[in-house]
Amino acid sequence: MPNLDFDESFYFDPLMTCEERRKGSESFMLFVDSVLTLQAEANATLNRFYVKCEGVDQNSVLEWIPKVLKRGVLDIDLHIPSSRGFGSNSTFYPLPSEIFVSKTLVRLKIQFQDGVNVNVEGDVSLPMLKTLHLDYVKMDTRMFQKLLSGCHMLKELLLMNLIWEESSEPEPCYVTVSVPTLKILKFSRFENFVKAKDFKPIVLWSFDIPNLVFLEYLDTIADKYQHVRFDSLVEARLGLCKTSKQIKNDNNNVTKLFMGICNVKILYLTEDALKVLGCCRETMPVFENLIQLTIKTGLHVGWKSLPPLLKNCPNLQTLVFEGLNHIYRKRRSCGDENRPCMCKNLDNMRVKKDIDACLSSSSVKVIKILNFGDTGDFCQFWEIEEDCEFWEIVEDVADHIKQVKQFLETMPDLEQVTLYYNTPQDEDVMKVFKKLKKLRRVASAKCEVQIISDNLNLSFTFR
């Protein structure tokens, strides 16, 4: 059973002119057409059909799908980074309806930069499909529900850069993700979904996926999470954002979502997800099985949700920060007096004691700080924060050193702290190394500090 792999990049020189590339793309399309014609004449079965090309007519590529389906293809993988119709007003050509009733298809992956539309009049029946990847796709919530209901063997589902299409269905829209066989789920709205002008229906989500192992969920907060069940979840990556209405009214129901993933062992939170988590500080679930937590930081987000989160992770072993940038109120902690941030605020000793109590009870053994010294996007911070005069930022190397010192001085189980300092300036690295080495007191009986830069790899041990 043959494989047909067509990769246009092998035929092009980067120095080609636009006209040469255009003619080359046309020749490529004709070549694929001729091969498929020969396959049809020979009535040959087909295992895999892979195409990667640029600057082609996307609709013509979609016309190849019914041809390979007739050959009983098992694996379809189409990747078109751009086409001749690329632009803000993408056509979103519909996927051929034949693809949704294939009895042989096991893997389907379609990534069209100009987008595809999923809209099937009849039922969806993909009894053998185990892997479904759709990137830059538009569909309404009704079609989303129909698609999932027709995939009874699905193990891996990736819907990336999803744009909800306006539907005639009355709102609110009830969307249930219930696939008992599903192991991996990656769901992401359009990559610029915060600013996107796509239709935003009132969506009521239900997740009932008892065998799911990996979850990546990037979206605005749902209007309501009706049911959340992830019994077998091992790793979750959350990138939740608030809508403008939710930011104003602080109106959300993320507690149920976090309760549903509290059995996870590995958790990744974007800076916006950390901000969202702050809304359920009073109802923070206990993450009994969590052993690794990664936090991506940003200048526009405080850490007021981090202390209650750490308190509710009794078995946490590894804490990873992607940067140490965040904001905090002047003369105050990042949160308030009852829910302080991680910042070391010497002007308020009671707040400091609360913070130190949180860190001193932590079971964390390893801290990794990626992008140490990175100041982030300062301009973005001032655009987002409306009452800037009441806020200060933790963004420079000196601030980062203070934060690392606080970890070392208060966390008793620390065994290793690693700073990944992305700088070619060896002198800057040595300054950080010497300042940390001068610490007179650390909480741990034995802790190794390592600094890794472009040119150096330095370490020392507190005993």
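The buried residues of helix H4 are covered by elements that include strands S6 (131-139), S7 (156-164), S8 (173-177), S9 (184-189) and S10 (203-208). Helices (H or I, at least four residues) and strands (E, at least two) are DSSP runs, numbered from the N terminus. Buried means under 20% relative accessible area, exposed over 50%, and partly exposed in between, with a 1.4 Å probe and protein chains only. H4 covers residues 141-149, and its buried residues are Thr141, Met143, Phe144, Lys146, Leu147 and Leu148. At the start of H4, a side-chain oxygen of Asp140 comes to within 3.2 Å of the backbone nitrogen of Arg142.

A word on the source: this is a predicted model, in which local features need pLDDT of at least 70 and side-chain atom pairs count only at pLDDT 80 or more, while totals for chains, interfaces and linings use all residues. Residues are numbered from 1 along each chain as its sequence is written, and side-chain values use heavy atoms, with hydrogens and water left out.

As for the chain as a whole, it has 12 helices and 22 strands. Of its 463 residues, 51% count as buried.

Is Asn161 buried or exposed? Asn161 counts as buried because its relative accessibility is 10%. Asn371, in strand S18 (residues 366-372), also is not a glycine and has a positive phi of about 55°. With a relative accessible area of 29%, however, Asn371 is partly exposed.

I turn now to helix H11. This helix, residues 397-410, has 14 residues and reaches 20 Å from its first C-alpha to its last. That is close to the 20 Å expected at 1.5 Å a residue, the expected span being 1.5 Å times one less than the number of residues. Its buried residues include Ile401, Val404 and Phe407.

Which residues of H11 meet helix H12? They are Val397, Ile401, Val404 and Lys405, and they meet Val432, Lys435 and Leu436 in H12; contact means heavy atoms within 4.5 Å. The residues of this contact divide into five nonpolar, no polar and two charged. Here Ala, Val, Leu, Ile, Met, Phe, Trp, Tyr, Cys and Pro count as nonpolar, Asp, Glu, Lys and Arg as charged, and the others, Gly among them, as polar.

Conventions
Polar contact = N/O pair within 3.5 Å; in protein donor to acceptor, adjacent residues only side chain to side chain.
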